[in-house]
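Please look at the sequence and the model first.

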Amino acid sequence: MADEWAVNLPDKKQVRLSDFTLDELVQLESDCDEEWWALLSHPFKSAKNAKYIYAAACAQQGVEPAVLTVRMLTDVFVQVPDDMPEIYEGPIPKGEDDPQTAGSSGVPYDSSGPQNKPEA
């Protein structure tokens, strides 16, 4: 399981960077002069990035941002476990209570619809 970045807000809420909307990411790209994936991968690569990402997370939750210092960065920007399922069957995540199987759904991968019955 991989980790992802989140922002701890002054009111004890937490915002995962992967939960930013595309509109928020477009604005962050413009503000920070970085591509969105770089911002999500390295949120405090620069003071500018940290300031704008923190402000966007606070705005998303309607929280007044605190004044950040360098000492606060490792408390504000934290890595959290992603919330993706660990077990997949093909490309589909399995439910936690589903039994594990090594097989497929039973549908042939090369199936293109109904097949003709073999002649007897």
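Q: Which residues of α3 are buried?
A: This is a predicted model, in which local features need pLDDT of at least 70, side-chain atom pairs count only at pLDDT 80 or more, and totals for chains, interfaces and linings use all residues. Residues are numbered from 1 along each chain as its sequence is written, and side-chain values use heavy atoms, with hydrogens and water left out. Buried means under 20% relative accessible area, with a 1.4 Å probe and protein chains only; helices are DSSP runs of H or I, at least four residues, and strands runs of E, at least two, numbered from the N terminus. The buried residues of α3 are Asn 49, Ala 50, Ile 53, Tyr 54, Ala 56, Ala 57 and Cys 58.

Q: How far apart are the end C-alpha atoms of helix α3?
A: The expected span is 1.5 Å times one less than the number of residues. Helix α3 has 15 residues (47–61), so it should span 21 Å. The model agrees, with the end C-alpha atoms separated by 21 Å.

Q: Cys 58: buried or exposed?
A: Its relative accessible area is 0%. Therefore Cys 58 counts as buried.

Q: How many disulfides are there by the rule used?
A: A disulfide is taken as a pair of cysteine sulfur atoms within 2.5 Å. By this rule the count is 0.

Q: Which residues is Asp 19 in contact with, leaving aside its neighbours within four places in sequence?
A: Asp 19 sits in the loop between β2 and α1. Contact means heavy atoms within 4.5 Å. With those neighbours left aside, the contacts of Asp 19 are Glu 24 and Gln 60.

Technical notes:
Buried means under 20% relative accessible area, exposed over 50%, partly exposed in between (1.4 Å probe, protein chains only).
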